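Student: I'd like to learn how to read salt bridges in a protein model. Can you walk me through some?

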Amino acid sequence: MTVGAAPPRPGTPCWASLMVHDLAGSQEFYRSLFGWEFEEGPGQLGLYVRALHEGRPVAGVGEIAADLQRPSAWLPYIATANADATTAMIRDCGGTLAVGPLDAQQVGRLAIAADVCGGAFGVWEGRTYHGAPFQETPGAPAWTELITPETSLVSKFYSMVFGYEAVPTPALPAGTDHLTLRLGGRSVAGIAGVGSDLPHDRGPHWMTYFSVRDLDRDAVRVGELGGRLLKEPHDTPFGVVAAVEDPEGAPFALVDPSRRRPAES
């Protein structure tokens, strides 16, 4: 979504942002993997660039201050019509606020928060810039999913803050702790309860899925570029998926929606 476009519905994931320690190195990795180019972005959080795919903004990459030891991570931003009111609701529902709300030049207002289990996410109130929609365009974010120990408590938090309907995800094996967050009848995000399989060095976190044309090739390419394959390409109801991490250890996923498993009759 670009400058001047209609704002997304509040509650819709509207941007994916990566915070890293080596901005130049991360640009080179994602340029080589996805074909991204970069332009300077708002500097309220320090050095920050927008990633462009085929000329349109798809994500952001910022550099973590040198004195901070935070792990590199992808962060989804969720659209709101009023960042101040949303952050007040986040606190009222047991979440915490790490940054903001603060103005990002004249383009919008942002905040960074954490849910009741510690999963970090962003809030974006667009003014002249509303972000970029998550879609199945190769080289762009297609989906975002919270990885957390269990879904019950945290789903109530997101439903209260953003008005989601949390429903069991269809087409998954019985007993799978997985919810789909729906907004106005449309699926916008997921929550995966992974129990003790949660990475101990990272805790609850949002996983960003990027759409690709050739997942098998790109999963290999991640390793060639200095990243790491976390989970081999595997079939899901949503497409073939591989979990990977970049050279700084930020986890993300590759998805090829064209290889989605056909619905059972």
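Tutor: Let's go through the salt bridges, a few pairs at a time. Keep in mind that this is a predicted model.

Student: How many salt bridges does a search of the whole structure find?

Tutor: It finds 9. The general idea is to look for a side-chain nitrogen of Lys or Arg within 4 Å of a carboxyl oxygen of Asp or Glu. Take Asp103 and Arg127: their side chains meet with an N to O distance of 3.1 Å.

Student: Which parts does that pair tie together?

Tutor: Asp103 sits in strand E6 (residues 96-104), while Arg127 is in the loop between strand E8 (120-126) and strand E9 (141-148), so the bridge ties together parts 24 residues apart in sequence. Asp103 is partly exposed at 35% relative accessible area, and Arg127 is partly exposed too, at 38%.

Student: Which residues are linked in a network of salt bridges?

Tutor: That would be Asp84, Asp103, Arg109 and Arg127.

Student: And where do Arg221 and Glu224 lie?

Tutor: Both are in helix H4 (residues 215-224), 3 residues apart, which is about one turn of the helix. Arg221 is partly exposed at 31%, whereas Glu224 counts as exposed at 54%.

Student: What about Asp218, is it buried or exposed?

Tutor: The cut-off for buried is under 20% relative accessible area, so Asp218, at 5%, counts as buried. Its side chain meets that of Arg217 in a salt bridge, 3.0 Å from N to O.

Notes. Residues numbered from 1 in each chain as written. Predicted model: local features only at pLDDT ≥ 70, side-chain atom pairs only at ≥ 80, totals over all residues. Heavy atoms only, no water. Helix = DSSP H or I, 4+ residues; strand = E, 2+ residues; numbered from the N terminus. Buried < 20%, exposed > 50% of the residue type's maximum accessible area, 1.4 Å probe, protein only.
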